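Dear colleague,

Here is the structure I promised to pass on to you. Please have a look at it first, and then read the notes below on what was found in it.

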Amino acid sequence: MSSIPIGYLISPLLLAWCTYFVVAPRNWPRVFNSLGSYFGVINELPFLALFWLIGSTWLAFSEGDVYSLVGWLAFGLTMLVVAGQMVIIYRGLQAAPVVSRALDDSLEEGWRASINPKIEGRLQKKFVAKALLGPFFKRRYDVERIGNISYGNAGVRNQLDVYRHRSHPTGCPTLVHLHGGEFVGGRKNSQSLPLIYQLASQGWVCISANYRLSPAAKFPDHLIDVKKVIAWVREHGYEYGADPTTIFLAGNSAGGHLAAMAALTPNAPIFQPGFECVDTSVTAAICLYGYYGYIDTKPGTPSSPMAYSGKDAPPFCVAHGDQDRLVPMEDARLFAEHLRNSSTNSVVYVELPRAEHNFDLFHSIRTEAVVHGIEAFAAWVLANNKHNSHRS
């Protein structure tokens, strides 16, 4: 039998590097941190990495001499990667208890009794089969998407998609999602799809929206677009079964920044030119690995959520990975503290152990835990609002 070709070392070497990058983080040079979204993707796809590794190793050994030097190297790397993936899987399993504990610490005592038992039951799951069998299968057969609806005059950058249950229920709570991309990239229908499809499958109307991008757009153009999306829901949401009075605003990365900004500046005329009379307040805000600092802005117009009082803020759910290399965890922690010090509403802060940036792109163990936590948080907000309206 011939020796194993050295080319068969490429897969285990690549997987070994990515696994080391995730499992043994350190102060890498900036260029490596900026590439973390690519190297770190294995943090959410450990089973795919294992399947790939097993397949490539079996192919190599079936075609060559396993006792050759290359064979021994391939075997050693394979064992190291397998051990590293076991660590990644174990860390992912810690997400569900952390999310559950954060909700218990932040919401009122007995809050679980106020939500649907099925939602509360999903919150208890540590592992979901989708993470093993279908991390890329984000679409659901019971959800339909109506794409490329215009909400403004900026062409493609002012378009949104609507996701709703195929049974076309009415009076549905609404989720508006804003994509990330450092304000210079990204698009709708590409991010947080596990969350969008889960809620739409449960009877929500979900909207994923584009917004204008820099450098052509300057702050507050991005935020004005978000306000326009809210205004569109107020006027047209009922056409798709949405309850336009119940709007949850969500976003990841740059979208998390915009979600926070919009939630903290309801009905601010400076951010609603030409539609100042539209109510742009929201029921709650959900920020995933958001950026809470300053961006390119006009003089005198603060572009950081930290610059705005949370006195009238709606309930917030803030989730961030403690291994985020693009947006430091400390920024999210400070933002949550800022809200808690000024808001009378609940602020749920979830610090996900060993989570990287962009942790919610696939059906992973961690993603499912966060999705179920958001679903439980939203159910509590809706139940609490209903209870308060009955009291009044």
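**What was found**

The protein has 13 helices and eight strands, where helices (H or I, at least four residues) and strands (E, at least two) are DSSP runs numbered from the N terminus. Please keep in mind that this is a predicted model, in which local features need pLDDT of at least 70 and side-chain atom pairs count only at pLDDT 80 or more, while totals for chains, interfaces and linings use all residues. Residues are numbered from 1 along each chain as its sequence is written, and side-chain values use heavy atoms, with hydrogens and water left out.

Of the 392 residues in the protein, 57% are buried; buried means under 20% relative accessible area, exposed over 50%, and partly exposed in between, with a 1.4 Å probe and protein chains only. The protein exposes about 17000 Å², and carbon and sulfur atoms supply 59% of that area (accessible areas come from the Shrake-Rupley method with a 1.4 Å probe, and for residues only the protein chains shown count as cover). Among the contacts with a separation of 6 or more, 77% are between residues 24 or more positions apart, contact meaning heavy atoms within 4.5 Å.

**Paired strands**

Strand 3 (residues 172-178) pairs in the parallel sense with strand 5 over six bridges and with strand 4 (residues 205-209) over five bridges; two strands pair if DSSP finds at least two bridges between them. Val176 stands opposite Leu249 in strand 5, and His177 stands opposite Ser208 in strand 4. Strand 5 (residues 242-252) is in turn joined to strand 6 by five bridges, again in parallel, and there the bridge partner of Leu249 is Ala285.

Seven of the seven residues of strand 3 are buried, so strand 3 is largely enclosed by the rest of the structure. For strand 6 (residues 284-288), five of five residues are buried, so this strand too is largely enclosed, with Ala284, Ile286 and Leu288 covered on one side and Ala285 and Cys287 on the other.

Helix 9 (residues 193-201) is mostly covered, with nine of its nine residues buried, and it is followed by Gly203, whose phi is positive, near 100°.

Val99, in helix 6 (residues 95-106), is buried at a relative accessible area of 4%. Leaving aside neighbours within four places in sequence, Val99 is in contact with Leu123, Val350, Leu352, Ala369, Val370 and Gly373. Val99 and Val371 are 272 residues apart in sequence, yet 9.8 Å apart in space, C-alpha to C-alpha.

His222, found in helix 10 (residues 221-236), is buried with a relative accessible area of 1%.

About 250 Å³ of space lies in the second largest pocket. A pocket here is an open set of points on a 1 Å grid over the protein atoms alone, where a 1.4 Å probe fits, with protein on both sides within 12 Å along at least five of seven lines, and lining residues have an atom within 4 Å of a point; grid points are joined across faces, edges and corners, and a volume is the space filled by probe spheres set on the points.

Helix 7 (117-123) and helix 13 (365-391) each supply at least two residues of the lining, and helix 13 gives the most, with four. Among the lining residues are Pro173, Gly203, Trp204 and Glu375.

With best regards
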